[in-house]
Amino acid sequence: MKQQLPTAVILAGGLGTRLRPLVSDRPKALAVVAGRPFILYQLEWLCRNFVQSVIICVGYKGEQIVDCLGDGSHLGMKIAYSRESTPLGTAGALAEAAHLLPAEFLVLNGDTYTAMELEPLWEAHHRRGALATLAAAPAVHVKDSAAVGSIKIGPDGRILSFREKQPGAKLVSMGIYAVSRELVPLIPQQRPCSLERDVFPNLPGLYGYLSPASFIDIGTPTGYRAANRQLSKLPT
């Protein structure tokens, strides 16, 4: 029997500037992929992994996401929203949502799709007593490794280095994290600020979980086209 997993936070407030040539009339989370809004694939994946509660951090054109998803009841989920009036960055958005966060939660970038199982990530996070545990994958699984974070993981699972958007990486961040609430007070006060640039590189208690699954980042035109090809093959 698989365990019910805690609340997942989807970071969907970004401007999506890299994808703007292809998607200009809506937030990136609602980009149409294989005929459907991208965020529906994420929510269905969370459901399959026994996540029933979701917080969506919205910003740019965020009202479109709220109108599309509502309270999540039609999806069998409970959805709450944290709204940012100006861009806060991934770390700033998480701090803004602090009043909604439980003691432990999952975080998912709004442009990541994977079929990985979440329970092993969550178990690794608990086993190590980490502040945050990042899902990682071999760079060969990524169309453009320079578009995501580069990671080095030590023998004990501790992350030795995290560098955002570096070419030549061997391991890369999947944009999926298990997080303890004690991380939130460590987020810098300046806004906007980034988990990937301003928090993770200097965070004590940061661990990695090497996933056997591949993933797609739809935040670039290359990743968006790859997602259309892959997700169009899913059974309807």
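Is F200 buried or exposed? F200 is buried, with a relative accessible area of 2%. That residue is a handy way into this structure, which is a predicted model. The chain has 236 residues, and 55% of them count as buried. Its fold is built from six helices and 13 strands. Among contacts with a separation of 6 or more, 74% are between residues 24 or more positions apart.

**Aromatic pairs**

- A pair of aromatic rings is described by two things, the distance of the centres and the angle of the planes.
- In this model there are three aromatic pairs.
- In one of them, the ring centres of Y41 and Y113 are 6.3 Å apart and the planes stand at 80 degrees, so the pair is edge-to-face.
- Y41 belongs to helix α1 (residues 38-48) and Y113 to strand β7 (residues 112-114), so this pair ties together parts of the chain that are 72 residues apart in sequence.
- Y41 is buried, at a relative accessible area of 5%, and Y113 is buried too, at 7%.
- F162 and F200 also make an edge-to-face pair, with 5.6 Å from centre to centre and 65 degrees between the planes.
- This pair again links distant parts of the chain: F162 sits in strand β10 (residues 159-163), while F200 is in the loop between α5 (195-199) and β12 (206-210), 38 residues apart.
- F162, the partner of F200, is buried with a relative accessible area of 5%.

**A charge over a ring**

- Y41 has another neighbour to look at: the charged end of R36 sits over the Y41 ring, 5.0 Å from its centre.

**Nonpolar cores**

- In soluble globular proteins, nonpolar side chains tend to be buried together.
- Here, the largest nonpolar core has 38 residues, and L46, I56 and I65 are the ones with the most contacts inside it.
- Helix α1 supplies the largest share of this core, five residues.
- Leaving aside residues up to four places away in sequence, I56 touches I10, A12, I39, I65, L69, I79, A80, Y81 and S82.
- Another core, of 32 residues, lies apart from the largest one and includes V9, I55, A98 and L171.

**Helix α2**

- Which residues of helix α2 (residues 62-69) are buried? They are G62, I65, V66 and L69.
- Viewed down the axis of α2, these buried residues fall within an arc of 100 degrees, so they line one face of the helix.
- The pattern has a simple background: an α-helix has 3.6 residues a turn, so residues three or four places apart point the same way.
- The elements covering the buried residues of α2 include β1 (8-12), α1, β4 (53-58) and β5 (78-83).
- G70 follows α2 and has a positive phi, near 55 degrees.

**Cysteines**

- How many disulfides does a search of the whole structure find? The search finds zero.
- C68 is partly exposed, with a relative accessible area of 31%.
- C193, in contrast, is buried, with a relative accessible area of 2%.

Terms used. Residues are numbered from 1 along each chain as its sequence is written. This is a predicted model: local features need pLDDT of at least 70, side-chain atom pairs count only at pLDDT 80 or more; totals for chains, interfaces and linings use all residues. Side-chain values use heavy atoms; hydrogens and water are left out. Rings of Phe, Tyr and Trp (its six-membered ring) pair if their centres lie within 6.5 Å; planes under 30 degrees apart count as stacked, over 60 as edge-to-face and the rest as tilted. Helices (H or I, at least four residues) and strands (E, at least two) are DSSP runs, numbered from the N terminus. Buried means under 20% relative accessible area, exposed over 50%, partly exposed in between (1.4 Å probe, protein chains only). A charge sits over a ring if NZ of Lys or CZ of Arg is within 6 Å of the ring centre and within 35 degrees of the ring normal. A nonpolar core is a set of buried Ala, Val, Leu, Ile, Met, Phe, Trp, Tyr and Cys residues joined through side-chain atoms within 4.5 Å. Contact means heavy atoms within 4.5 Å. The arc is that of the directions from the helix axis to the C-beta atoms. A disulfide is a pair of cysteine sulfur atoms within 2.5 Å.
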